[in-house]
Amino acid sequence: MKKIFLLQIALVLLGTLSILSCKKDYPVDDDGLLITSRSDCYVSGFELLGADFQTVRTKLAAIDTTAQTINVEVLYGTDLKNLYPQFSLVTDATLDPKIVGRTDFSNLSAPREWTVVSGNRKVRKTYKVFLTVKQ
Amino acid sequence: MVFASLVTACKDDEFQIPAASDKLQNELIKRSLGPNIVGGTIEFAYAAAIVPEKGKLVSMSVEASFAGAAGTYLEHRSYSTSSAGVDVGVAIGNPSATTDKLTEVVFTADTSAATLRYYYKIPEEARGKTVSFKFSAKSSNGETIVYQTDAYEVRKMDMQLDLIAKDAANCYISIADMKTYDAAFAAANPGKIDLVYLYRALTAVTYGHSLVAPATDPVYLPAITLPAGLTNRSKIVKAFSVRDQQLARIQYGVFVDDVDLLSKDFDNAPDFAINLRAEGGIWVQTADGKYNAYIYVNSVNNTTKEMKISIKRLTVK
């Protein structure tokens with residue numbers, strides 16, 4: 001009985017120690033998102049919504065992960081000042097700056113830029129979004 | 001001893017049919033839903049009953065805090081729902097008489113229980129205020145019963161249903177009047193025109209059915225020469241899933257209310273809305289900032305080049 005009792009105490013101590021030590025294995029950044037060991041850093045998808053929250057793309061956005069550009073063709077009659085972009089990123093990556101609401105894409109000669117930050121927060125790649133309006 | 005107490009504890013009381021009260025009774029249900037708008041109707045179902053041995057119903061009446069507009073009436077048929085789910089009406093008196101705030105039906109049939117429907121047409125005097133109703137019933141043994149409702153808010157906004165805008169004919173829309181006009185009227189009253197409706201089947205791009213401000217970029221006004229003097233730059237925000245129940249009259253239960261029109265943000269809004277589809281809509285602010293409106297597209301027709309719209313409009317300035 002005494003042996004089993006001692007074994008149980010040892011197991012409980014081991015458990016608490018491992019829980020305490022595991023906290024260091026799950027670091028979290030300022031936004032509360034997990035920092036992992038992934039170094040992949042790319043945009044996997046791009047959606048653009050208009051003021052009525054319906055898509056304004058005529059076809060899928062062309063994403064070039066080497067050149068770090070996104071080419072989107074939007075419908076004729078799209079209001080470029082009030083658009084809502086949506087990025088799909090690789091696992092664990094984040095976007096900088098955050099998209100908070102309506103975005104102005106009206107300056108077609110000066111493409112908007114967003115930086116993708118990898119899961120381990122070490123790799124940063126800046127993507128340019130080029131818009132063309134269907135004529 | 002424990003066993004005996006368990007047995008008595010488990011015994012259920014048999015269901016007893018409740019004894020009917022020997023007084024005159026009444027009950028009220030509000031049947032209409034959504035914001036109460038001037039020109040619209042508030043609908044109630046008012047029921048009264050007395051045990052037949054004591055007497056029968058003599059009259060039912062409704063007194064509104066604001067006299068109802070023309071078209072206010074108390075139905076002189078008593079409705080019940082049949083087993084097939086259909087409402088069946090039985091005439092119990094002559095059509096109701098309305099004098100000022102009071103609407104009354106005098107019973108001619110011999111009945112001691114009836115449910116009458118009351119339709120109140122909301123008058124202009126009630127705009128922005130509250131309206132309440134006092135329903136009452138009288139029985140032949142001298143009893144009277146009264147049901148006082150809560151105060152119902154009447155909205156400040158206006159509504160206009162089923163306007164037809166037709167390309168190259170009545171394609172000039174005025175939010176102030178909530179009407180569509182032709183080019184001749186537009187030329188005579190340029191300041192009234194807030195929107196122009198066009199339908200174009202262009203080959204390179206999808207233009208479709210569109211609503212644009214008269215002062216928009218001419219590229220959004222293909223193949224049309226506007227009358228001189230149309231300078232309103234209305235602000236337009238496209239919407240898609242705002243299928244207001246009172247404008248659309250389809251299965252969705254969304255309501256656009258005064259507060260939605262008042263708080264809509266038109267900063268940086270464009271002055272055009274291209275390729276509108278049925279069940280879509282636009283939020284509009286007139287150039288002078290006086291009206292905020294929501295225009296719902298009931299239907300579009302490519303063959304006749306028409307668009308059917310319904311509007312809810314609020315005076316904000």
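This is a predicted model: local features need pLDDT of at least 70, side-chain atom pairs count only at pLDDT 80 or more; totals for chains, interfaces and linings use all residues.
Student: How many helices and strands does chain B have?
Tutor: Both kinds of element occur in chain B, and they are counted separately. The count for chain B is 4 helices and 23 strands.

Student: Why is chain B described as more spread out than a compact globule, and what is its radius of gyration?
Tutor: For 317 residues the globule rule gives 20 Å. The value for chain B is well over that, so the chain is more spread out than a compact globule. Along the principal axes, its C-alpha atoms fill a box of roughly 90 × 60 × 40 Å. The radius of gyration of chain B is 27 Å.

Student: What share of the residues of chain B count as buried?
Tutor: A residue is buried if 20 or more other C-beta atoms lie within 10 Å of its own. Applied to the 317 residues of chain B, this gives 34%.

Student: What distance separates the centres of the two domains of chain B, domain 1 and domain 2?
Tutor: The domain assignment places domain 1 at 25–153 and domain 2 at 158–315 of chain B. Each domain gives 6 residues to the contact between them. On the domain 1 side, these are 3 nonpolar, 3 polar and no charged residues. Taken over C-alpha atoms, the centres of domain 1 and domain 2 of chain B are separated by 39 Å.

Student: How many charged residues are on the side of chain A that touches chain B?
Tutor: The contact joins 13 residues of chain A to 14 residues of chain B. By class, the chain A side has 4 nonpolar and 5 polar residues, and its charged residues number 4.

Student: Which strands are the edge strands of the open sheet in chain A?
Tutor: This sheet has 5 strands in the order S2-S3-S7-S6-S5, with mixed pairing. From one strand to the next, the twist averages 25°. An edge strand here pairs on one side only, which applies to strand S2 (62–64) and strand S5 (94–96) of chain A.

Student: Which residue in S7(A) stands opposite Val72(A)?
Tutor: Strand S3 (residues 69–74) of chain A runs parallel to strand S7 (residues 124–133) of chain A, and 6 bridges join them. In S7(A), the residue opposite Val72(A) is Leu131(A).

How values were computed
Residues are numbered from 1 along each chain as its sequence is written. Chains are lettered from A and ligands numbered from 1 in the order in which they are written. Helices (H or I, at least four residues) and strands (E, at least two) are DSSP runs, numbered from the N terminus. The radius of gyration is taken over C-alpha atoms; the globule rule is 2.2 Å times the number of residues to the power 0.38. A residue is buried if 20 or more other C-beta atoms lie within 10 Å of its own, exposed if 12 or fewer, and partly exposed in between; C-beta atoms are placed from the backbone. Domain bounds come from an automatic or database domain assignment. Two residues are in contact if their C-beta atoms, placed from the backbone, lie within 7 Å. Ala, Val, Leu, Ile, Met, Phe, Trp, Tyr, Cys and Pro count as nonpolar, Asp, Glu, Lys and Arg as charged, and the others, Gly among them, as polar. Two strands pair if DSSP finds at least two bridges between them. Axes are lines fitted to C-alpha atoms, for helices over the stretch in contact, and angles run from 0 to 180 degrees between N-to-C directions.
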